Amino acid sequence: MNEKLLSSTERGMRHNLAKPHEISAFLREQNMGVGMQEQINRALVIANHVFAARFQGASCAFVAGSIMRGEGTPSSDIDLVVVFDHLDAAWRESFIESGLPVEAFVHDPQTLAWFIENDAKNGYPIMVDMIASGVAIGPDIDRAEALKTFAANLLAKGPPPFEGEKRDGIRYLITSLLEDLRDAHAPAERRAIAAELYQPLADFALLGRCAWSGKGKWIPRLLNKLDSELAQRFDHAFEHAAQGDTVPLQLLAENELARHGGLYFAGDKRMAPADARSSTFRIETFGDAILPG
């Protein structure tokens, strides 16, 4: 959604609810129909009610998701990131409010920082994107605006360098799946391998080009935003793989691997953590049996 719209909406939220006429005016500028305006207004009303009724004492929240982007469908839900001053532990919960699904991610600044840091390390800025693109509500609008600025800057900075163990781990996985794909004869096996290959190959393509990655339906969107021709090659390769022709997918995987050194097997070594030992599970072997102690 346009930043101009978000700013207007957030100003309205100083009074706990965005003013409908403000939202409608900017939605018209974006050529959104009345139905979409109503869907966004309804989502904001529900989000404000949920915030007041279920999360008393919270400082602010961010209303995000496809509805707020103007892309809502009949099955869309509200993503709600809620921020308290302090919690014993963060949590996530899903519920229905006024007939609309709501998924709430409840944090304080420290737990939020932990999830944002881990999302960034993995290359999937899920929480960051919800904050950056969400509409701020709640009493502490200054904190909300500071968090939105931080999130937007982190998104603009891009993912960490794609190198070392992170890169080689995905490279090894793609190599293994590519070899399985070449050797597979049964159509069902080829489809299963192709499905498993989609996520790591997308990560390799996006992160390897210094772009954030994603999951599920976000992958084709991110690929198309980055490079429409690359997105078309991905779609072509996996469409043909689903029909039984895996040659385009093999070529795609080989080309992506070639950008970072090619196939990778010999030399791979990953150490387990030093504390990867069990003090509560005892293994005793009696013939072929392995029994817990």
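Predicted model: local features only at pLDDT ≥ 70, side-chain atom pairs only at ≥ 80, totals over all residues.
Numbering runs from 1 along each chain as its sequence is written, and side-chain values use heavy atoms, leaving out hydrogens and water.

Now show strand 3 (residues 91-97) beside strand 4: they pair in the antiparallel sense over seven bridges. Strands here are DSSP E runs of at least two residues and helices are H or I runs of at least four, numbered from the N terminus; two strands pair if DSSP finds at least two bridges between them. In the hairpin, click serine 98, which takes a positive phi near 55 degrees.

Seven of the eight residues of strand 4 (residues 100-107) are buried, so the strand is largely enclosed by the rest of the structure. Buried means under 20% relative accessible area, exposed over 50%, partly exposed in between (1.4 Å probe, protein chains only).

Next, helix 8. Go to tyrosine 198 for a kink of about 35 degrees, shortly before proline 200; the bend is the angle between axes fitted to the seven residues ending there and the seven starting there. Buried residues in helix 8 include Arg190, Ile193 and Leu197.

Last, the cysteines: cysteine 60 is buried at 0% relative accessibility, while cysteine 210 is exposed at 64%.
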